[in-house]
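Here are my notes on this model, as numbered points. Please keep the structure open while reading.

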Amino acid sequence: MFGAFRSSSVCSGGLLWKSPWRMSPTRKANQRKRMKAVDSVIDAIRQSGVQCKALDRALLLPTEAEMLPKDKYTTFSPMSAGYRKSVHRVPKFTKLTLRENPTGF
């Protein structure tokens, strides 16, 4: 197509949204820091004596120190080869709890 609306090489090449296939050490450190912050909030609420269903469910989740690196940085995905997907490819992974996987994964 010619004129003002011709496609650029970036748009036609599909390289507009670049996403690294591996998490960088900085992203991994930020993920660990985020998980430790969540653990500290859960622990503080537990020590305050508040009782609620959400807290009971949160206490069943493993802490950051108890998790394997495989579980910290990847999550279950039935569509991916090997049924694992890097956490940074999950939408809103900083807002979700991805600490639970199906049994066996």
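**Notes on the predicted model**

1. Start at the end of a helix. Just after α2, G49 has a positive phi of about 95°. Bear in mind that the model is predicted.

2. Now the helix itself. α2 covers residues 25-48, which is 24 residues. From first C-alpha to last, α2 reaches 35 Å, close to the 34 Å expected at 1.5 Å a residue.

3. Which residues of α2 are buried? They are Q31, M35, D39 and I42. An α-helix has 3.6 residues a turn, so residues three or four places apart point the same way. The buried residues of α2 pack against α3 (53-60) and α4 (69-73).

4. Next, a charge over a ring. K28 lies over the face of Y73, and the distance to the ring centre is 5.0 Å.

5. Strand β1 spans residues 74-76 and holds T75. Is T75 buried or exposed? T75 counts as buried because its relative accessibility is 7%, under the 20% cut-off. Leaving out residues up to four places away in sequence, T75 touches Y83, R84, K85, V87, V90, L98 and N101.

6. Aromatic pairs: the count comes to one. F76 and Y83 form this pair, with 6.3 Å centre to centre and 15° between the planes. The pair counts as stacked, because the planes are under 30 degrees apart.

7. How accessible are the two partners? F76 is partly exposed, at 26% relative accessible area. Y83 is also partly exposed, with a relative accessibility of 41%. Y83 is therefore a partly exposed residue that is among the contacts of buried T75.

Key. Residues are numbered from 1 along each chain as its sequence is written. This is a predicted model: local features need pLDDT of at least 70, side-chain atom pairs count only at pLDDT 80 or more; totals for chains, interfaces and linings use all residues. Side-chain values use heavy atoms; hydrogens and water are left out. Rings of Phe, Tyr and Trp (its six-membered ring) pair if their centres lie within 6.5 Å; planes under 30 degrees apart count as stacked, over 60 as edge-to-face and the rest as tilted. Buried means under 20% relative accessible area, exposed over 50%, partly exposed in between (1.4 Å probe, protein chains only). A charge sits over a ring if NZ of Lys or CZ of Arg is within 6 Å of the ring centre and within 35 degrees of the ring normal. Helices (H or I, at least four residues) and strands (E, at least two) are DSSP runs, numbered from the N terminus. The expected span of a helix is 1.5 Å times one less than its number of residues. Contact means heavy atoms within 4.5 Å.
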